[in-house]
Amino acid sequence: MTFHPAKHRHTACLSSAKNRLIARAEQRSRRLGVNDKRVFEVLLSEHRSFSAYEVVAQDADAEPTNKRLQANQVYRAVETLIELGVAHRVESKNGYMACHAPDTCSAHQILICNSCDQVAELEHSKLDATIQKSVKETGFIPEPHKLELLGLCPNCADEQTTKN
Ligand SMILES: [Zn+2]
Ligand SMILES: [Zn+2]
Ligand SMILES: [Zn+2]
């Protein structure tokens with residue numbers, strides 16, 4: 001999966017991701033709490049990484065009548081979403097993103113835009129194998145997480161070239 005263009009049918013992304021969450025929860029007989037859904041709703045709103053603070057703020061904007069989410073409720077909800085495989089941690093941004101894989105996520109890398117926080121998942125197992133091999137030679141045991149690459153997304157790169 002690559003970066004989504006600024007204009008795309010995001011409603012299609014939303015509905016498939018939501019269906020996937022429901023299916024996953026059913027498979028594992030997990031009951032989804034209302035906070036799980038609220039947090040997922042925020043993560044799904046854009047293809048970017050959100051910090052816990054941003055989740056709280058955006059949720060409050062979207063549903064001003066709801067009781068404000070607490071940070072620990074956000075952490076608990078993202079744990080559930082990550083466990084169910086519909087969200088990922090974005091370590092380098094200290095944030096979280098929704099996963100839009102059609103089924104089981106097989107991406108090995110996350111590309112993260114430094115300018116707008118847009119994210120894209122990349123399925124490049126050769127790169128992963130090469131890194132694993134080199135790391136193994138050092139005797140180091142890395143934690144299982146996706147490799148994160150920081151840079152500029154195509155939209156921001158375009159903007160920069162037009163500015164200069
Ligand atoms: Zn979308
Ligand atoms: Zn994914
Ligand atoms: Zn960008």
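In this predicted model, one open sheet is built from three strands in the order 5-4-6, and its pairing is mixed. Strand 5 (119-122) and strand 6 (147-151) are at the edges of this sheet; each has a single partner strand, so one side of each lacks a neighbour in the sheet. From one strand to the next, the twist averages 25 degrees. Strand 4 (residues 109-113) and strand 6 run parallel and are joined by five bridges. Within this pair, L111 is placed opposite L149 of strand 6.

A second open sheet also has three strands, here in the order 1-3-2, with antiparallel pairing. Its edges are strand 1 (50-51) and strand 2; each of them has a single partner strand, so one side of each is without a neighbour in the sheet. Helix 4 packs on this sheet, where it touches strand 2 and strand 3, and the direction of helix 4 makes about 120 degrees with that of strand 2.

Strand 2 and strand 3 run antiparallel, with four bridges between them. R89 faces Y96 of strand 3 across the pair, and H88 stands opposite M97 of strand 3. The hairpin formed by strand 2 and strand 3 has four residues between the strands, and in it N94 has a positive phi near 55 degrees. As background, side chains in a regular strand alternate between the two faces of the sheet.

Helix 4 (residues 71-83) contains 13 residues. Its span from first to last C-alpha is 18 Å, close to the 18 Å expected at 1.5 Å a residue. Which residues of helix 4 are buried? They are Q73, V74, A77, V78 and L81. Looking down the axis of helix 4, these buried residues fall within an arc of 130 degrees, so they line one face of the helix. The general rule behind such a pattern is that an α-helix has 3.6 residues a turn, so residues three or four places apart point the same way. The face of helix 4 turned away from the buried side carries N72 and E83, which are exposed.

The buried residues of helix 4 pack against two helices, helix 2 (34-45) and helix 3 (52-62), and against two strands, strand 2 (87-90) and strand 3 (95-98). After helix 4 comes G85, with a positive phi near 80 degrees.

Two packed helices are described by the angle between their axes and the distance between the axes.

| Pair | Angle | Axis distance |
|---|---|---|
| Helix 2 and helix 3 | roughly 100 degrees | within 9 Å |
| Helix 2 and helix 4 | about 85 degrees | 9 Å |

The crossing angle of roughly 100 degrees between helix 2 and helix 3 makes helix 2 roughly perpendicular to helix 3. Helix 2 and helix 4 are likewise roughly perpendicular to each other.

Which residues bring helix 2 and helix 3 together? From helix 2 come R38, V39, V42 and S45, and these meet V55, Q58 and D59 in helix 3. In the packing of helix 2 with helix 4, N35, D36, V39 and F40 of helix 2 meet Q73, V74, A77, V78, T80 and L81 of helix 4.

Terms used: Residues are numbered from 1 along each chain as its sequence is written. Chains are lettered from A and ligands numbered from 1 in the order in which they are written. This is a predicted model: local features need pLDDT of at least 70, side-chain atom pairs count only at pLDDT 80 or more; totals for chains, interfaces and linings use all residues. Two strands pair if DSSP finds at least two bridges between them. Axes are lines fitted to C-alpha atoms, for helices over the stretch in contact, and angles run from 0 to 180 degrees between N-to-C directions. The expected span of a helix is 1.5 Å times one less than its number of residues. A residue is buried if 20 or more other C-beta atoms lie within 10 Å of its own, exposed if 12 or fewer, and partly exposed in between; C-beta atoms are placed from the backbone. The arc is that of the directions from the helix axis to the C-beta atoms. Two residues are in contact if their C-beta atoms, placed from the backbone, lie within 7 Å. Angles under 35 degrees count as roughly parallel, over 145 as roughly antiparallel, 65 to 115 as roughly perpendicular and the rest as oblique.
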